[in-house]
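Here are a few friendly notes to read alongside the model. Take them one at a time, with the structure open beside you.

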Amino acid sequence: MASNLLEIVPDPSALANRAAQMISAQAVSAEGPFTIALSGGSTPKRLYELLADPRADYRKQLPWERMHFFWSDERPVGPDHPDSNYRMAWEAMLSRVAVPEENVHRIAGEMLIAEDAAVAYESGLRTFFRIANDEPPRFDLVLLGMGDDGHTASIFPGSEVLHEKRKLVAAPWVEKLRTYRITLTLPVLNNAATVLFLVSGEDKASMVNQVFNGEPNTFPAQFIDPANGLLTWLFDEAAANKLRKVNLRSQISDLKS
Ligand code: 6PG
């Protein structure tokens, strides 16, 4: 049964700091390889910069040599493209720390056919996690953001990916963006030991309240419910300022009904 945490911190800087504390504590206490799926978009950039900042403690504390970096989703672009989630994380963090090259497992968004990129990434996951059957990989930590439409990773409202039970990685067409995206699927996201949502900004406030107090099973972010892990929501005050009430446990059981 998932256990859940929700924290509201004053601002984006506090959000990055609190997330860095959580990631560092988990990575340092983990034995062996520590697997983390990074989120894209703009919100985590400050966090990534902080983790790599030589003036902060995290860079010295983190066991970069045994951390393995994956992505929750990617845009159909190459690693040098301004829209690349890989590029953002590389520039903000990975190029500034001693992480072995082979520990960086990016999604090949440049592949001409997004479905091929998804199949290739799934094959890489199966090899890395030594998966023989249909059991999804178990990430130590999955970072997620949320759009003002309630999408997370690249699982958008009404997407067929919401019902995907078999694939580990999918390449849905996103009509509102008129593009394909490559994304980890719900079986993978919900098999993580920890899922950490970072949500910042006034523009997310209505959706945050909808996710907790609106119609269940409506917005993709509501489908994130790690079966045997910890779900943590980290908001800054601007993102949480319309949150009427939260009863995490009953909320989760309602979603299931
Ligand atoms: C992406 C992300 C996506 C993101 C949300 C929030 O590739 O865009 O992975 O799911 O987390 O869109 O984005 P912002 O942080 O920019 O608001």
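1. How many helices and strands make up the secondary structure of the protein chain? There are 9 helices and 11 strands, where helices (H or I, at least four residues) and strands (E, at least two) are DSSP runs. The chain is as compact as a globular protein of its length, because its radius of gyration is 17 Å, close to the 18 Å that the globule rule gives for 257 residues. That radius is taken over C-alpha atoms, and the rule is 2.2 Å times the number of residues to the power 0.38.

2. A word on reading the model: it is predicted, local features need pLDDT of at least 70, side-chain atom pairs count only at pLDDT 80 or more, and totals for chains, interfaces and linings use all residues. Residues are numbered from 1 along each chain as its sequence is written, and side-chain values use heavy atoms, with hydrogens and water left out.

3. Now look at the ligand.

4. Which side chains have an N or O atom 2.6 Å or 2.7 Å from a ligand oxygen? For T43 the distance is 2.6 Å, and for D73 it is 2.7 Å. An N or O atom in the side chain of N85 lies 2.9 Å from an oxygen atom of the ligand.

Note on methods. A polar contact is a pair of N or O atoms within 3.5 Å; within protein, one must be able to donate a hydrogen and the other to accept it, and residues adjacent in sequence count only if both atoms are side-chain atoms.
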